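Subject: The structure I promised you

Hi,

Here is the structure we talked about. Have a look at it first, then read on.

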Amino acid sequence: MPEACELTVGMLAVVAREERKAISERTKAALAAAKARGVKLGNPNGTAALQRAAKGNGAAVAAIRADAQDRAADLSPIISDIRATGATSLPAIARELNSRGIVTPRGGAWHPSSVRNLLIRLNTAR
């Protein structure tokens, strides 16, 4: 609204604030009415259900770590071969991995930081 002056913008802000309050009050009233009718509020497949089924975030993180460890183990001989050719710096290893067509776990290009993370994972596996 290029023609809006400070007064117009101020009035629109006041109207928006009142509408926000009205929406909040209507939502709270609707939730209270639903609760009074016995409707169970919240996500029926929420955190408590996941914890009871032992399918929480901990299991997902453990699976991701295991996959990353397996991938690192698969790349270990390749990293050793690259280092044997004289490429020992992080950028040099990243260039060599990229030139060999080896992609990162997410399918992207290697960077010095991703090589560093891989080497850290390989060193902690020993």
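Below is what turned up, starting with the whole chain and ending with one residue.

First, some ground rules. This is a predicted model, where local features need pLDDT of at least 70 and side-chain atom pairs count only at pLDDT 80 or more, while totals for chains, interfaces and linings use all residues. Residues are numbered from 1 along each chain as its sequence is written, and side-chain values use heavy atoms, with hydrogens and water left out.

The chain has five helices and zero strands; helices here are DSSP runs of H or I with at least four residues, strands are E runs of at least two, and both are numbered from the N terminus. Of its 126 residues, 15% are buried, meaning under 20% relative accessible area with a 1.4 Å probe, protein chains only.

The UniProt record, an unreviewed entry, puts "domain: Resolvase/invertase-type recombinase catalytic" on residues 1-38; such annotations may be inferred rather than shown by experiment. That stretch is 82% helix and 0% strand, with its end C-alpha atoms 47 Å apart.

Now the largest pocket. A pocket is an open set of points on a 1 Å grid over the protein atoms alone, where a 1.4 Å probe fits, with protein on both sides within 12 Å along at least five of seven lines; lining residues have an atom within 4 Å of a point. Helix 3 (57-84) and helix 5 (112-125) each give at least two residues to the lining. Among the lining residues are R71, T104 and W110.

Is T104 buried or exposed? T104 is buried, because its relative accessible area is 12%. You'll find T104 in the loop between helix 4 (90-99) and helix 5. Beyond its neighbours within four places in sequence, T104 is in contact (heavy atoms within 4.5 Å) with R71, A109 and W110.

Cheers

Conventions:
Buried means under 20% relative accessible area, exposed over 50%, partly exposed in between (1.4 Å probe, protein chains only).
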